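Please read the following report alongside the sequence and the model.

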Amino acid sequence: MSTTDPLSAFPLAMEGREAVEGATREGRSLSPTERAIAAVEAYTPAEAAERTLRNEMLADSRPGSRQPLIINMGPNHPSTHGVLRVIVELDGEVVREVVPVIGYLHTGIEKQCENKTWWQAITCVTRMDYLAPFANIHSYVLAVEKLLDMEIPARAEWIRVLLSELNRLASHLVFLGTSGLEMGAMSIFFYCYRERDEVLDMFEMVSGERMNHRYFQVGGCAQDIPEGFLERLTRFLKEMPGRIDEYEALLTNNPIWIDRMKGIGVIPAEQLLGLGVTGPTLRAAGIPLDLRKSEPYSGYEHFQFDVPTEIAGDCYARYLVRVREMRESVKIMQQVIDGLPEGPVIADDRKVVLPPREELAYSMEALIHHFKLVTEGFKVPAGEAYATIESPRGEMGCYVVSDGGPKPYRVHMRDPSFVNLQALRPLAKGGYLADLIAVIASLDPVMGGVDR
Amino acid sequence: MGRPARKRHPEERVGELSDASTQIEATSPGAVVQEFEDHGELTVEVRADRILEAARALKSGPSQFTLLSGVTCADFPDEPGRFRLAYHLRSVQTGGRVRLRAWAGGLDPQIDSVTSVWPGADWQEREVFDQFGVRFHGHPDLCRILNPLDWDGHPLRRDYPIGGEEVQFTDAV
């Protein structure tokens, strides 16, 4: 046992030192983000105490002193939507600078995919944006199907649309519930999660899992929707518009909600576009960009629905757009139920798709195909493809490169949360610290998707 | 990589070039190395030292590729250029898409940053720097983003092992 201060064995926060060491090793000077991290983090407890004292002295409240106070929010702050860390420079209550620091949930999914077969990689990509697992798989299977030039049965496409919209509904419910919580409205959270739980139950009915389903397969869907599912969904859809009215009754004209959201977090639509922002955040600023309309995939062209837009571009407009999108999703799902075509749910391509289970009992060929597909996986022709879909948060893109083998050469997921989060800095700068929370909530980032 | 469906070289058939390549060639002659269409996607490969000019031409030209959907990279250790960058562009006005490609070079991979054209390239280029070690000139904040700041090596390179972290008590038999 050493006699030194036991705390010194645990440096409070190591990332400041990591920033300096990393930059030194790579032979470059500290970048602005690294400088911000080094400024807010101490190496040892003694230094931490010294810095705290210095910061307090700098930020003394004498009128006119105007020294900035640098504070660290996160990564485990309950109001930052998961493990998002934000370093904020404050002048009184006003935010002068925002530096988002991400990567706390990085699990190297893209690297893992390179060591799995095309078929196994579905399991990995599902786990990125955990509130929209169907969106992740959807873009991945579309990209792989593009390389394989596959025809997908109509019923499979319609089921994909159905589940994607159900997923959009569930994801927006989480947005609504958690941002209510962050704005101090407790009850909306319980109402939203009540309905979301019903959706998760239905996901479980279809795929066996409440989250991280690997239900979409290359070529279609893993199996047909179970008996009783459509009846349950019909009941749910009948109730849902009334439930959305309920949420709106709680929030839309609520003076506190309006005070916290209206006019908060606005930048010009062109700037949002330049930052690559897509989805409800962009549509709330007046640009009606929706991939379901502009580049229909999986048969979205068969359905009638509107693309809700607002022009204000503030947090309140983003809330309105999402609520109206929930209503549109209900409309689309109703149309799917009314016109769901009969037929197979997966393509009949024995070189890619597993043969039906019962055939293994009598067909030698099916058995061989099954064995080859499970042990070796299917091969994808060499080339590259980029498939995009409209996820609840914006443009979800999947870039796959194949070298002709049974494993992906490269899988890259362009996650909308990751790109949209860049807008946090311009949106929150110059506002109040409390508005920063509203802005984060209205961007609706999912850290699993940001960090992948 | 791959067998492109239709391969066209700018010197051979200037008249048949796509709008995107024509736009680049108009302001930066000789920048386009090749272009081809595969699986319905147009790919324009440009010389790495002309990437910024090509980006400017595509954004301000008639097709108006105002939205940079994504910047990403793939590592081909056996190719002389090694790191192949892919910029996925989308035109909000016309709905068109194009993939801009460039090879960053194997020994000291570097390329100009396009953050001055599309500010949204910021984090995406940082991710490529972090995962592949490609340096972007003129990037305002080039540092690691997903991996820890003092991480050694660039995980998405093909020669980076997937071994992972050593598990506790590995040596204690």
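## Salt bridges across the model

Over all chains, a search of the whole structure finds 54 salt bridges, a salt bridge being a side-chain nitrogen of Lys or Arg within 4 Å of a carboxyl oxygen of Asp or Glu. Side chains of opposite charge can pair when their charged atoms come close. This is a predicted model, in which local features need pLDDT of at least 70 and side-chain atom pairs count only at pLDDT 80 or more, while totals for chains, interfaces and linings use all residues. Residues are numbered from 1 along each chain as its sequence is written, chains are lettered from A and ligands numbered from 1 in the order in which they are written, and side-chain values use heavy atoms, with hydrogens and water left out.

One salt bridge joins the side chains of A:Lys331 and A:Asp306, at 3.8 Å from N to O. Because A:Lys331 lies in helix α14 (residues 315–339) of chain A and A:Asp306 in the loop between α13 (291–294) and α14 of chain A, the pair ties together parts that are 25 residues apart in sequence; helices here are DSSP runs of H or I with at least four residues, strands are runs of E with at least two, and both are numbered from the N terminus. A:Lys331 is partly exposed, with a relative accessible area of 37%, and A:Asp306 is partly exposed as well, at 47%, where buried means under 20% relative accessible area, exposed over 50%, and partly exposed in between (1.4 Å probe, protein chains only). A further salt bridge links A:Glu376 with A:Lys372, whose closest N and O atoms are 3.2 Å apart; A:Glu376 is partly exposed at 32% relative accessibility, and A:Lys372 is partly exposed at 43%.

## Where chain A meets chain B

The contact between the two chains (heavy atoms within 4.5 Å) takes 59 residues from chain A and 57 residues from chain B. The area buried between chain A and chain B is about 4600 Å², of which carbon and sulfur atoms give 54%; buried area is the accessible area (1.4 Å probe) that two parts lose on being put together, summed over both. A:Lys111, A:Glu384 and A:Tyr409 supply 15% of the area that chain A buries against chain B, more than any other three residues.

Between chain A and chain B there are 30 residue pairs in polar contact, both residues being at pLDDT 80 or more. A polar contact is a pair of N or O atoms within 3.5 Å; within protein, one must be able to donate a hydrogen and the other to accept it, and residues adjacent in sequence count only if both atoms are side-chain atoms. On the side of chain A that touches chain B, helix α1 (residues 15–25) of chain A gives the most, with 6 residues.

## Charged pairs between the chains

Across the interface of chain A and chain B the rule finds 11 salt bridges. In one of them, the side chains of A:Glu384 and B:Arg99 meet at 3.7 Å, N to O, and these two residues belong to a network of salt bridges that links A:Lys146, A:Glu384, B:Glu41, B:Glu45, B:Arg84, B:Arg99 and B:Arg101.

B:Glu127 also forms a salt bridge with A:Arg452, with the closest N and O atoms 3.1 Å apart. This pair crosses between chains, from B:Glu127 in helix α3 (residues 121–132) of chain B to A:Arg452 in the segment after α19 (447–451) of chain A, and both B:Glu127 and A:Arg452 are buried.

## A buried asparagine

A:Asn136 lies in helix α6 (residues 133–148) of chain A and counts as buried, at 0% relative accessibility. The side chain of A:Asn136 reaches the backbone oxygen of A:Asp129 at 3.3 Å. Leaving aside neighbours within four places in sequence, the residues in contact with A:Asn136 include A:Val125, A:Met396 and A:Asp415.

Over all chains, a search of the whole structure finds 0 disulfides, a disulfide being a pair of cysteine sulfur atoms within 2.5 Å. A:Cys192 is buried at 0% relative accessibility, and A:Cys315 is buried with a relative accessible area of 0%.

## The make-up of chain B

Chain B has 3 helices and 8 strands, and from the N terminus on its elements run β-α-β-β-α-β-β-β-β-α-β. Of the 173 residues of chain B, 55% count as buried. Among contacts in chain B between residues at least 6 apart in sequence, 53% join residues at least 24 apart.
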